[in-house]
Amino acid sequence: MTTIETSPEVAAATSSDADSGRFLASVADWLTSTDHKRIGRLYLAGGLLGLLDAVAISALLAVELLDNEGFVLDSGALPQLLDAQRIALIFGSLLPLAVAMCVAFVPIQLGAKAIAFPRLATTGFWMWFGGLILAGVALINDGGTLGFDSDMVDLFIVSLGLMAIGVTATAGSVATSILTTRAPGMTMRRVPPFTWSALVFSIGIFLVMPVFVGTLVYLFLDHRNARTGFGGNTGIFDWAGWLVTQPASFLFAIPAIGVLVEILPITFKKRMPARGLMFTGIALIGVAAFGAVTQQNLQNLPWSGSQLSGDDIEQKVRDLVPYSTFNLLPVLGMLVVMVIGLVIARPRRGMRVNVTAGFVLSFFGFGMIFVGMLGTVFYAIDDLGLQGTVFEGATLISIVYGAALAVMGAVAHWAPKLWGRTINATALLVLALLGMTGAVLAVFPHYISGFLGQEAGPIYSDGDLLAWNILVLVGHSLFLLTVVVFIVLTIMSTMGHDDDLGDDPWDAQTLEWMTTSPAPKDNYAELFVVHSPEPLLDLKESTTTADRSQA
Amino acid sequence: MQALPAGAAPAPQRQMLVGVSLAVVAMIMITGSMLAVWSLQRTRAIDEIGSWLPDGVTIPEVATNVMLLAFVGICVFAQWAVYSAKRADHGHATFALASTAFVAVLVINAQAFVYQEMGLGISDGTYAAMFYGVTGLFMVLMIIGVVFSAVTAFRYMGGRVHDHEIVAAHAIYWYATAAVFAAIWFVVYVTK
């Protein structure tokens with residue numbers, strides 16, 4: 001008999017090699033995964049880092065406002081910081097976080113085993129992520145809309161295009177999933193409200209992003225070659241800036257609104273009434289997409305001086321139609337959502353309410369998004385004199401911070417399906433209050449100082465406005481703390497011990513809570529037939545009825 | 001907990017048709033937006049300097065008209081492929097797909113000829129940059145279409161003869177590309 005003896009050193013080395021091999025295989029598996037939950041988590045991780053970046057830059061710019069006559073930061077870096085803030089708010093956080101929720105949660109809500117075109121969704125993520133890195137490189141090296149390095153300005157334009165195409169590719173996967181992979185019996189009227197909001201968002205992306213990319217093609221070619229038709233690098237914001245302001249940001253916040261609509265009936269233990277009307281409300285917010293593709297930064301009311309007099313009625317109607325369509329219709333959509341939400345929350349005898357951290361966060365988020373939309377309604381009225389003030393920046397901050405809070409709510413709500421554990425509820429509730437306080441302080445003081453005439457940018461003439469700017473700095477700092485703590489809590493949850501809350505910890509109504517927590521790679525062991533918008537609630541009620549009749 | 005009743009095997013999902021339809025929406029939006037900006041810049045240029053097409057530049061209209069006519073052929077061949085695939089006529093379906101790709105390559109060749117005849121440098125001003133932007137996008141769409149035709153044909157030849165959906169999606173793509181080129185032809189080559 002031959003005995004092969006392995007020395008302890010060799011065994012340790014072999015074991016170490018195997019460990020590193022397993023680690024690399026695991027990393028490669030993650031990076032090339034076609035599992036929608038993993039793709040969604042990649043987007044979520046990237047979006048949260050982008051959000052951290054956006055809030056940190058916003059806080060830095062708020063520091064700059066502490067001196068109204070000079071520069072606190074390096075004045076040469078300010079143009080890049082201003083660009084970085086806009087890009088990080090929209091492309092770095094709002095868009096990827098919205099896409100993350102859609103990719104991670106929609107297929108499982110549909111009762112589907114996988115997302116449609118999973119490789120397209122993964123490719124979209126890497127294009128977005130690559131674009132984000134390149135945008136950072138370009139801005140650090142004096143690129144951007146006010147940069148002096150020509151090659152870096154070109155790189156900046158390319159990076160925007162990459163991010164836009166990446167997000168569009170993934171949105172294509174989401175939209176196709178909703179249109180083709182619904183469980184048997186799940187008509188479009190029976191899809192969960194969050195899924196409906198994801199559909200409106202995805203189709204809106206398909207309408208908006210190609211227009212943006214087409215404009216970027218011109219900007220790139222013109223900047224690279226002639227620089228005569230589009231104003232060089234300073235023209236980038238004139239021609240393409242509409243995507244990083246309102247109403248485009250309304251469109252990107254729609255999934256965040258869908259989160260609250262999804263959690264509302266679970267919180268108040270009711271079925272959703274007037275489902276068609278609720279869906280119409282969400283779709284109305286999507287009208288913002290058409291406002292965006294008109295490529296104007298502002299659908300305003302230029303009635304300077306004439307106010308409500310009967311002069312020049314025809315011109316006033318011409319101004320009023322686009323203004324109402326792109327500014328008021330989304331607000332009307334929000335109002336519809338709010339009215340139906342109030343109907344759901346209307347107290348009745350014996351009503352049980354299950355207020356979760358997910359509900360509180362998404363409720364606060366919805367509120368901030370609404371505040372941002374209302375702000376845009378006022379901002380666009382010329383006679384109020386808000387244009388060119390800090391007011392516009394505050395509306396964008398309100399929408400992005402609101403959406404970020406709602407995303408935190410979504411993660412808190414669906415975390416059991418992603419990694420099988422909940423996030424500490426008490427800590428999240430405290431965090432919700434902290435985040436809401438931060439968001440309010442980051443936004444409202446600039447709403448007020450906007451009315452008081454504080455110019456946008458680092459220099460402003462009225463030193464008495466300093467107090468408002470200090471409050472804004474406090475607000476951004478609190479929100480930064482909120483994001484950091486949320487990331488820590490999320491990481492702790494993913495690495496923590498299993499909590500024995502079962503597959504349906506919130507006593508929910510929709511299909512995704514029927515599978516195990518965490519959901520397996522292909523979501524469901526079998527395909528279910530649904531007969532109503534709340535299949536799980538049907539099942540619970542029929543089980544209860546059967547138990548009673550047996551008793 | 002009880003489970004909901006298990007469903008039957010899923011129905012055909014038509015994912016390819018829906019996906020290509022979304023891609024077509026994107027294609028129409030990007031071309032439409034580029035042509036809208038083109039028209040805006042053209043109007044501005046005419047108002048400011050009286051002309052849009054640079055002096056000495058002539059568009060070879062025969063080639064551009066032939067490109068438009070070629071799209072009639074592309075659409076007919078693409079539809080022929082759908083017709084044949086539905087009737088399990090493998091030979092005709094494969095031939096129609098190959099013909100579609102071949103005519104598409106001819107269109108790409110014609111566009112290259114247009115570039116050469118016009119002799120326009122990309123740095124020669126706003127018109128040149130925008131001209132190469134619009135037509136360059138069109139070339140990208142054509143190349144994607146040729147690859148789509150090739151993939152469809154190879155899948156078909158490889159034995160996936162019951163996969164009619166991809167052949168129909170392929171036809172939808174080419175119809176949309178034909179519409180896109182018709183718009184480019186009118187705005188860029190006819191209106192000038």
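**View 1. The contact between chain A and chain B in a predicted model.** The contact draws on 35 residues of chain A and 31 residues of chain B, two residues being in contact if their C-beta atoms, placed from the backbone, lie within 7 Å. On the side of chain A that touches chain B, helices H5 (150-180), H6 (193-226) and H17 (535-550) of chain A each supply at least two residues; helices (H or I, at least four residues) are DSSP runs, numbered from the N terminus. H6(A) gives the largest share, 13 residues. By class, this side of chain A holds 22 nonpolar, eleven polar and two charged residues (Ala, Val, Leu, Ile, Met, Phe, Trp, Tyr, Cys and Pro count as nonpolar, Asp, Glu, Lys and Arg as charged, and the others, Gly among them, as polar). The predictor gives the complex an ipTM of 0.92 and a pTM of 0.92.

This is a predicted model, in which local features need pLDDT of at least 70, side-chain atom pairs count only at pLDDT 80 or more, and totals for chains, interfaces and linings use all residues. Residues are numbered from 1 along each chain as its sequence is written, while chains are lettered from A and ligands numbered from 1 in the order in which they are written.

**View 2. Helices H3 and H4 of chain B.** Helix H3 (residues 90-118) and helix H4 (residues 126-157) of chain B pack at an angle of about 160°, their axes 9 Å apart; axes are lines fitted to C-alpha atoms over the stretch in contact, and angles run from 0 to 180 degrees between N-to-C directions. H3(B) and H4(B) are therefore roughly antiparallel (over 145 degrees; under 35 counts as roughly parallel). Residues that meet here include B:Leu97 and B:Ile108 in H3(B) and B:Met139 and B:Tyr156 in H4(B). This contact has 15 nonpolar, seven polar and no charged residues.

**View 3. Helices H3 and H14 of chain A.** Helix H3 (residues 78-110) and helix H14 (residues 391-419) of chain A pack at an angle of about 30°, with axes 10 Å apart. That makes H3(A) roughly parallel to H14(A). Among the residues making the contact are A:Leu97 and A:Phe105 of H3(A) and A:Val407 and A:Trp414 of H14(A). The contact divides into 16 nonpolar residues, one polar and one charged.

**View 4. Helix H4 of chain A and the residue A:Asp142.** The end C-alpha atoms of helix H4 (residues 118-140) of chain A are 33 Å apart, which agrees with the 33 Å that its 23 residues should span at 1.5 Å a residue (the expected span is 1.5 Å times one less than the number of residues). A:Asp142, which follows H4(A), has a positive phi, near 70°.

Note on methods: Angles under 35 degrees count as roughly parallel, over 145 as roughly antiparallel, 65 to 115 as roughly perpendicular and the rest as oblique.
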